[in-house]
Amino acid sequence: MSFPLLTATAALPAVGAVATAAVPAARRTAAKWLALVVSLATLALAITVLVRFDPGGARYQLTESHSWIKEFGVSYALGVDGIAVALIALTALLIPFIVLAGWHDADPLETGSRRWRPTQGFFALILAVEAMVIISFEATDVFLFYIFFEAMLIPMYFLIGGFGDRAHEHGESAASTQRSYAAVKFLLYNLVGGLIMLAAVIGLYVVAGNFSLTEIAQARANGTLHMATSTERWLFLGFFFAFAVKAPLWPLHTWLPNAMQESTAPVAVLITAVIDKVGTFAMLRFCLQLFPGASKWATPVILALALVSILYGALLAVGQRDIKRLIAYASISHFGFIIMGIFAMTSQGQSGATLYMVNHGISTAALMLIAGFLISRRGSRLIADYGGVQKVAPVLAGTFLIAGLSTLSLPGLAPFVSEFLVLVGTFTRHPAIGIIATFGIVLAALYTLVLYQRTMTGPVKPEVSAMPDLRVRELAVVAPLIVLLVFLGVYPKPVTDIVNPAVKQTMSDVHQTDPKPEVEAAK
Amino acid sequence: MSAAAVHSLWTTAADPISKIDAPKIEYGQLSPTLIILGAALVGVLVEAFVPRRSRYYAQVFVSAVALCAAFAAVVALAADGYGTTKAHIAAMGAIAVDGPSLFLQGTILLSGLVGLFTFAERRLDPAAHGNRVDSFAAQAASVPGSDSEKAAVKAGFTTTEVFPLLLFAVAGMLVFPSANDLLTLFVALEVFSLPLYLMCALARRKRLMSQEAAVKYFLLGAFASAFTLFGIALLYGYAGSVSYATIAQVVDGNVTNVDPALAGTMGNDALLLVGAAMVVMGLLFKVGAVPFHMWTPDVYQGAPTPVTGFMAAATKVAAFGALLRLLYVVLPGMRWDWRPVMWGVAIVTMLGGAIVAITQTDIKRLLAYSSIAHAGFILAGVIATSKDGVSSVLFYLAAYSFVTIGAFAVVTLVRDAGGEATHLSKWAGLGRRSPLVAAVFAVFLLAFAGIPLTSGFAGKFAVFKAAAEGGAVPLVVIGVISSAIAAFFYIRVIVLMFFSEPRPEGPTVAVPSPLTMTAIGVGVAVTVVLGVAPQYFLNLASQAGVFVR
């Protein structure tokens with residue numbers, strides 16, 4: 001038997017989480033280093049997966065399969081396609097930066113008992129989330145996926161509710177009330193989505209008799225598994241609802257701004273750049289493969305909702321006073337683009353959407369983490385409390401600008417490529433939607449540049465005059481992300497090469513071919 | 001009626017007397033129940049003859065040995081093939097020894113054992129006059145607040161009678177799900193109910209509340225028993241027999257040897273419908289299903305917490321076992337009549353329990369309403385009327401009982417000057433003060449909420465799957481919705497424990513003896529194992545899922 005690489009990639013952070021949690025209370029720093037080392041080792045494993053993956057090979061590679069719960073027809077089945085590989089790599093890449101950026105976020109306050117170990121808990125929870133996210137990218141068994149899709153809510157919930165920004169304008173107790181509100185909102189939204197999906201998962205089992213994604217998809221493709229149209233649509237809606245909450249799609253998005261606003265910047269990155277990707281990924285992997293007919297049936301409505309997300313998210317981002325909330329609404333706009341790309345049902349659209357997931361992860365991580373560094377210096381999240389930062393902290397301001405420009409898809413930075421692909425892919429099939437969506441980019445320029453202008457330029461506010469520039473640890477977080485943004489902006493081929501074959505497969509699952517370009521004959 | 005008819009009636013009644021054989025009792029197959037009953041009697045003798053200071057140790061020892069021995073007997077029977085390859089109706093048709101019986105008996109015995117550990121805990125309450133005390137009244141007969149109570153406390157009396165009472169209750173519960181005729185069912189019902197009524201009244205603290213709870217439980221319970229008994233009488237009139245198999249045959253329309261005295265009523269569907277409804281009603285009362293749930297919150301809150309934990313777990317197991325057997329063995333022929341009714345009961349139970357729980361401010365009442373919601377989920381599996389339905393209910397019961405006992409054991413640890421601090425506001429910030437206890441309780445709450453990787457999820461999934469396969473898709477959807485509602489209040493408690501600031505005069509967490517620690521540890525272990533690797537136990541439940549008739 002070959003080495004179970006996929007299991008190891010998910011198990012390593014899980015073991016690391018347990019080990020980190022077990023570090024004695026006094027050895028806080030050791031816990032931090034342990035978490036960092038584990039996350040780097042996981043990155044090494046993820047890179048091994050990336051290298052071992054053959055884009056031209058079988059659809060699912062590095063597969064593992066063991067019977068798990070025979071009574072339910074559940075197996076522990078793992079396998080990755082190009083999309084999953086890219087997202088596993090993204091996750092494993094971001095976690096070390098998240099750990100490093102959150103280095104001091106969970107240092108204990110003076111309250112609490114001798115055994116209260118928030119620091120250990122913080123890093124253990126981050127690693128636990130990583131493990132669960134990775135295994136849900138790898139799972140080719142619907143039940144296995146569902147379990148971790150749901151279970152990851154618990155560590156995430158504690159991360160949002162238990163740890164927040166230190167300084168708060170209304171004092172610690174108001175902050176803790178708002179935090180727990182945000183955490184409960186996050187959990188309830190996602191739990192309701194997940195429970196509705198549970199009903200659909202059970203329904204799928206009743207129809208199909210097992211949970212294997214590959215078997216069901218195959219049986220659907222060659223016609224041995226017939227589903228009544230209404231059944232298929234109900235099941236699709238059950239699955240899609242859960243993913244749309246997680247992604248999040250308008251009008252199920254309202255948990256995201258609260259959650260991102262109240263949590264610390266690294267945790268906010270974990271939410272938007274890592275957890276939410278599971279939602280969009282699952283749309284590609286489960287909705288389209290298991291319910292191709294229903295996916296096509298629902299396309300007009302989903303595209304409309306995605307369009308609303310794009311414009312609504314961008315418009316609300318323009319009006320925000322809170323930096324983190326602004327980034328949250330910007331993310332909602334970007335998730336609109338991703339979902340639009342997926343359901344445009346063209347290969348450019350879906351490649352673009354996958355690429356978008358990766359690029360959005362990197363660019364939002366950069367933007368949010370730098371914003372977090374900024375907020376930790378001044379102790380305020382309000383845009384109005386800043387001004388003229390670029391004169392006191394030029395490196396911070398400069399990197400913030402680059403990250404911001406990547407968010408508005410400036411050509412030459414990574415998100416441009418994906419956004420362009422999504423728009424082109426949408427335009428070839430639905431020109432009107434493609435055109436309207438373009439306004440999202442215009443609004444993106446507005447909210448990004450206004451944010452930069454108000455915080456970084458202008459006269460130096462007295463409160464920020466003593467603000468130190470980025471420290472070495474913070475530079476170590478920011479610099480690699482910026483380099484990646486530039487690199488993938490100029491040369492996206494490594495990612496697209498891995499993603500494209502998988503996208504072609506997904507397209508053929510839904511029996512879709514790209515529309516042929518038509519040229520009106522010259523008269 | 002003519003004289004001749006009376007005469008012939010008299011002779012037919014008298015005639016078989018000469019032919020009565022000595023009843024044949026399969027002692028081996030009945031050994032789990034017999035061991036427990038024997039030990040309970042030994043416990044009574046211990047009360048009478050052993051000096052007061054060593055009674056506690058003697059009672060705990062006898063009870064623990066008996067529960068372990070009875071569990072060993074169940075395992076031996078199962079290993080002998082009962083429940084999988086063979087089944088038997090023992091004690092002249094009174095007791096069924098089959099898969100569901102053995103599985104449920106094993107579950108009841110283990111929860112009895114874990115419950116015993118919480119009963120025997122003597123480190124939580126501060127010592128009174130140099131004597132270590134448990135959760136039970138010093139002298140149940142003394143009026144609360146009276147001089148005689150003070151004297152009893154001062155003398156260091158303890159109510160060691162709870163241990164034989166526990167054993168009697170367990171014995172009744174062992175018989176209840178395996179009863180194979182209606183009279184045995186009724187006797188078992190009374191055998192386990194009466195000790196429970198008594199134990200509810202025995203709290204050391206808040207005695208008036210405890211006694212009130214016991215009176216409520218007793219009155220409503222007696223009422224429900226009366227219904228059951230009346231139903232049994234009607235069913236006898238319908239079928240001419242109290243034996244499950246005979247009634248089932250009559251329901252199916254295969255009437256053999258009609259009793260001339262009952263010729264007028266036999267086969268009368270009105271009797272069947274009313275009788276079955278009344279018997280089922282009595283069982284639904286014990287299960288705590290809406291609209292027969294009114295006693296649950298008061299009794300759960302007032303009873304001594306160890307008793308609440310044991311009662312919540314084991315009663316539910318026994319009552320659902322009996323309900324399953326009744327519906328699957330006696331009344332499968334009329335499932336088109338009872339299924340719609342049970343649908344309704346399951347729906348209001350799930351939604352009612354979950355919705356009312358939201359407004360609760362006392363942790364024991366909250367868990368009581370949560371147990372009502374869980375009864376609704378289990379009913380969804382009962383309605384499936386398939387083999388999967390049986391095995392999913394068996395699995396759910398096993399998973400649920402350990403979570404429940406563990407959760408109530410944690411409740412006993414959180415204390416302030418007035419005893420257990422059960423008001424929710426006092427639990428604020430518990431996670432900061434004692435992270436471990438709060439984390440353990442969070443695990444139990446997550447299991448109640450049915451979060452994946454806990455036993456609660458595996459159980460809920462099994463039950464809903466069986467229901468969906470049985471065609472009850474709307475029931476599954478409603479179940480899922482009420483799970484979401486229920487999740488809200490479980491999470492509220494977690495929020496309170498971890499994200500709220502601790503109160504300055506908040507409760508302290510008592511350090512328990514190894515007994516309670518074992519109970520909680522077993523709870524956590526079962527919760528996690530059944531959540532991560534349920535395969536073995538699902539398999540066991542599925543092998544055990546066939547009733548003998």
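User: Before we start, what puts two residues in contact?
Analyst: Their C-beta atoms, placed from the backbone, must lie within 7 Å. Keep in mind that this is a predicted model.

User: Okay. How many residues does each chain bring to the contact between A and B?
Analyst: Chain A brings 35 residues, and chain B brings 31 residues.

User: Which helices of chain B each supply at least two of its residues there?
Analyst: They are α16 (430-433), α17 (435-449), α18 (455-469), α19 (473-499) and α21 (535-543). The largest share of that side comes from α19(B), with twelve residues.

User: And how does the chain B side divide into nonpolar, polar and charged?
Analyst: It has 21 nonpolar residues, five polar and five charged.

User: New topic: strands. In what order do the three strands of the open sheet in chain B run?
Analyst: The order is β4-β3-β5, with antiparallel pairing.

User: Why is one side of β4 and of β5 left without a neighbour?
Analyst: β4 (419-420) and β5 (508-509) of chain B stand at the edges. Each has a single partner strand, so one side has no neighbour in the sheet.

User: How many bridges join β3 to β5?
Analyst: Two bridges join β3 (residues 414-416) of chain B to β5(B). In one pairing, B:V414 has B:V509 as its bridge partner.

User: Now chain A. At what angle do α1 and α2 pack?
Analyst: About 175 degrees, with the axes 9 Å apart. Angles over 145 count as roughly antiparallel, so α1(A) is roughly antiparallel to α2(A).

User: Which residues meet there?
Analyst: Among them, A:L5, A:L12 and A:G16 in α1(A), and A:A31, A:L45 and A:R52 in α2(A). By class, this contact has 14 nonpolar, six polar and one charged residues.

Notes. Residues numbered from 1 in each chain as written. Chains lettered and ligands numbered in written order. Predicted model: local features only at pLDDT ≥ 70, side-chain atom pairs only at ≥ 80, totals over all residues. Helix = DSSP H or I, 4+ residues; strand = E, 2+ residues; numbered from the N terminus. Nonpolar A, V, L, I, M, F, W, Y, C, P; charged D, E, K, R; others polar. Pairing = 2+ DSSP bridges. Axes fitted to C-alpha atoms, helices over the stretch in contact; angles between N-to-C directions. Parallel < 35°, antiparallel > 145°, perpendicular 65-115°, else oblique.
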